[in-house]
Amino acid sequence: MSAEPLVAVLIGPGGVGKGTLAQRLVAADPRLWLSRSWTTRPKRATEKGTEYAFVDRPTFEAAIDDDRFLEWAEFHGNLYGTPLPQAGNDVDVLLEIEVQGAEQVLRQNPDAVVFLILPPSMGQLEDRLRKRGDSVAHIEQRLSSAPAELAKGHELASFVIVNDDVDRASGEILSILEELRRQRRTPSKKD
Ligand code: 5GP
């Protein structure tokens, strides 16, 4: 019996390493398909250009009008969204998004599994933001919104993962996903 695909969502403050974790998860688990988001944010100097579909605001807004997103949100002045269609039915979907988007996903799919990714400390979060080449103003903006994102994240998340080490944290998420799949294949007798 094949169960409905899982929808796994990574949330957490900017700089916590969600992108690296997401890449690690899809590399390790061929059943996971990582959605590629659209954004109106300019590409960072440290980015290759494949991280997002980088589009201008009119293009993004036209796609909103055409209902082409599973979810979308404005975050620090830029638009971010998960485009439709999603992957086929035989793979589990991984989304790496911010909290407003995760709320929309949960509204549409209450079975989605949300992982809140935490930094080992706020000092390490700041270091990571600096290393990826963000401006001082940008870093301050991201750090100032982190407490609200964390509060909302705790409300939404089924699991909280500390990203102290990418191998350990990705291993923890993969074990949880494996257990969730196992539970879905063997529903309890009262279902
Ligand atoms: P960044 O600009 O650092 O790449 O991303 C800023 C925030 O937007 C991060 O928390 C990231 O997870 C989130 N984000 C990336 N793609 C999407 C998306 O498709 N939808 C939503 N709602 N947030 C996204």
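Guide: Gladly. Let us start with how helix angles are taken: axes are lines fitted to C-alpha atoms over the stretch in contact, and angles run from 0 to 180 degrees between N-to-C directions. Bear in mind that this is a predicted model. Here helix H1 (residues 18–28) packs against helix H6 (residues 166–185) at an angle of about 60°, and their axes are 10 Å apart.

Visitor: Why are H1 and H6 called oblique to each other?

Guide: Roughly parallel needs an angle under 35 degrees, and roughly perpendicular needs 65 to 115. The angle between H1 and H6 is about 60°, so the pair falls among the rest and is oblique. Their crossing is right-handed.

Visitor: What makes up the contact of H1 with H6?

Guide: From H1 come Thr20, Leu21, Arg24, Leu25 and Ala28, and these meet Val166, Asp167, Ala169, Ser170, Ile173 and Leu174 of H6. By class, the residues of this contact are 7 nonpolar, 2 polar and 2 charged.

Visitor: How do you know that H3 and H5 are roughly parallel?

Guide: Helix H3 (residues 99–108) and helix H5 (residues 136–156) pack at about 20°, with axes 10 Å apart. The cut-off for roughly parallel is under 35 degrees, and H3 and H5 are therefore given that name. The crossing of H3 and H5 is left-handed.

Visitor: Which residues of H3 and H5 meet?

Guide: Val99, Ala102, Glu103 and Leu106 of H3 meet Glu149, Lys152, Gly153 and Leu156 of H5. The classes here are 4 nonpolar, 1 polar and 3 charged.

Visitor: Now for a single side chain. Why does Glu71 count as buried?

Guide: Buried means under 20% relative accessible area. Glu71 has 3%, so Glu71 counts as buried. Glu71 belongs to strand E5 (residues 69–75). Setting aside neighbours within four places in sequence, the contacts of Glu71 are Tyr80, Gly81, Thr82, Ile97, Gly101, Gln104 and Val105. Leu84, 13 residues from Glu71 in sequence, is 9.0 Å away, C-alpha to C-alpha.

Visitor: What makes the phi of Asp67 worth a remark?

Guide: Most residues other than glycine have a negative phi. Asp67 is not a glycine, yet its phi is positive, about 55°. Asp67 sits in the loop between helix H2 (57–65) and E5. Exposed means over 50% relative accessible area, and Asp67 has 63%, so Asp67 is exposed.

Visitor: And why is His76 called partly exposed?

Guide: That class lies between the cut-offs of 20% and 50%. His76 has 27% relative accessibility and therefore counts as partly exposed. His76 is in the loop between E5 and strand E6 (78–83), and has a positive phi of about 45° although it is not a glycine.

Visitor: Stepping back, how do you know that the radius of gyration agrees with a compact globule?

Guide: For 191 residues, a compact globule would have a radius near 16 Å; the chain has 17 Å, so the values agree. The C-alpha atoms fill a box of roughly 55 × 40 × 30 Å along the principal axes, and 45% of the 191 residues count as buried. The chain holds 6 helices and 9 strands. Among contacts with a separation of 6 or more, residues 24 or more positions apart account for 66%.

Definitions and conventions:
Residues numbered from 1 in each chain as written. Predicted model: local features only at pLDDT ≥ 70, side-chain atom pairs only at ≥ 80, totals over all residues. Heavy atoms only, no water. Helix = DSSP H or I, 4+ residues; strand = E, 2+ residues; numbered from the N terminus. Parallel < 35°, antiparallel > 145°, perpendicular 65-115°, else oblique. Left-handed = near helix turned anticlockwise from the far one by under 90°. Contact = heavy atoms within 4.5 Å. Nonpolar A, V, L, I, M, F, W, Y, C, P; charged D, E, K, R; others polar. Rg over C-alpha atoms; globule rule 2.2 N^0.38 Å. Buried < 20%, exposed > 50% of the residue type's maximum accessible area, 1.4 Å probe, protein only.
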